[in-house]
Amino acid sequence: MSNKEDANTTIVSPIYHPISRWWSKETVAIVTGANKGIGFALVRRLAELGLTVVLTARDTGRGLAAVEALKNKGLHVHFDCLDISNQNSIEKFVTWFQQAFGVVDILINNAAVSFNELYENSVEQAETVVRTNFYGPKMLTEALLPLFRRQTTAARILNISSRLGLLNKLKNPKLKAMLLDEENLSESQIEEMLNLFLKDVKNGTWKSNGWPQIWTDYAVSKLALNSYSKILARRYKGNDEEQISVNCFCPGFTQTSMTGGKGLHTADTVAAIGACLALLPVDELPTGKFFVIGSSNPIYSKL
Ligand code: NDP
């Protein structure tokens, strides 16, 4: 796979051999928050590789403009409006999707928000951040689970996450112990943790209770997403009837609106890697992993 030079980092794709093509035009991928940034680049990459791709966006105008931009490059993708923070929008989308496609092979939960500039740490919008970045992907995933293709190619969920939400950013020992106990960790424990965080925000006590210190609300939402991904991976691991792999991918500091255009990587670079991860051949497809792009090592995954 190709090397691509960014401003400061040489990034190598995780795949050291040409992708062995297991997919076809019948393989259906959904990408959320795909009118711009990494989501848009992921849609383009997957469409270039010949999959059927559904580009979703919360704003119809912005979504259709993105579809048009791809059309101008000779790529045909499908569109439907999807606000992941809104249960009604999810239900409408899933109904439309079921009628239009019936099955899904790949779900990339990409949409997310942060309301902070790079060096700010306001938690004023904590509720929206948690609802969008954690409950959004969770609600969508749960609604789509019955539609995943049950076949030997294995369905895939790739959650675009952040290393800001890794466990080492959490200093609260009790919560850390709870999240580390992966065998027993439950969804309700994750939600209790989020309630505790939002309560701390409301009470103005969030700075002293061991929460991550950078982009705190965003980091907590991604911490919850990473933990939920592990639970989901565990649910399907070793299940031959229902093969669904669930992994997280941190693209690293990437030039998008979220970072005010700053970053070490372009959206296209990380989308190329993200697409490779979503398209790993079934015999190399892990589950429950957290992938990050490394500068010296091409990519590594943390348990
Ligand atoms: P952008 O801000 O460029 O894109 C975010 C996308 O999410 C936009 O399309 C936005 O839509 C959409 N979105 C936001 N809220 C919703 C919602 N409720 N429903 C549907 N779509 C929504 O950010 P990036 O491309 O950088 O981010 C993509 C992913 O990568 C995110 O998960 C982010 O956390 C992650 N990431 C990014 C990093 C970076 O350095 N850029 C680093 C680590 C992780 P709209 O245009 O309507 O606002």
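Two strands count as paired if DSSP finds at least two bridges between them. That rule is handy for strand S8, which covers residues 244-250 in this predicted model. S8 is joined to strand S9 (residues 290-293) by three bridges, and the two run parallel.

How much of S8 is covered? Seven of its seven residues are buried. The cover extends to both faces of the strand. Ile244, Val246, Cys248 and Cys250 sit on one side, while Ser245, Asn247 and Phe249 sit on the other, and all of them are buried.

Take cysteine 276: it is in no disulfide, and the nearest cysteine sulfur, which belongs to cysteine 250, is 17 Å away. A disulfide needs the two sulfur atoms within 2.5 Å. Cysteine 276 is also buried, because its relative accessible area is 3% and the cut-off for buried is under 20%. Cysteine 81, by contrast, has a relative accessibility of 27%, so it counts as partly exposed.

Next comes helix H4 (residues 126-144), where valine 130 is found. Leaving aside residues up to four places away in sequence, valine 130 touches Tyr135, Leu194, Phe197, Leu198 and Ser221. Lysine 222 is 92 residues from valine 130 in sequence, yet the two are 8.4 Å apart in space, going from C-alpha to C-alpha.

H4 also turns up in the lining of the largest pocket. This pocket has a volume of about 1,100 Å³. It is lined by 45 residues, and the closest to its centre are Ala112, Val113, Tyr218, Thr256 and Met258. Besides H4, the elements that give two or more residues to the lining are helix H1 (37-48), strand S4 (52-57) and helix H7 (216-236). What sort of residues make up this lining, by class? There are 19 nonpolar, 18 polar and eight charged ones.

Note on methods:
Residues are numbered from 1 along each chain as its sequence is written. This is a predicted model: local features need pLDDT of at least 70, side-chain atom pairs count only at pLDDT 80 or more; totals for chains, interfaces and linings use all residues. Side-chain values use heavy atoms; hydrogens and water are left out. Helices (H or I, at least four residues) and strands (E, at least two) are DSSP runs, numbered from the N terminus. Contact means heavy atoms within 4.5 Å. Buried means under 20% relative accessible area, exposed over 50%, partly exposed in between (1.4 Å probe, protein chains only). On a 1 Å grid over the protein atoms alone, a cavity is a set of points where a 1.4 Å probe fits but cannot get out, and a pocket is an open set with protein on both sides within 12 Å along at least five of seven lines; lining residues have an atom within 4 Å of a point. Grid points are joined across faces, edges and corners, and a volume is the space filled by probe spheres set on the points. Ala, Val, Leu, Ile, Met, Phe, Trp, Tyr, Cys and Pro count as nonpolar, Asp, Glu, Lys and Arg as charged, and the others, Gly among them, as polar.
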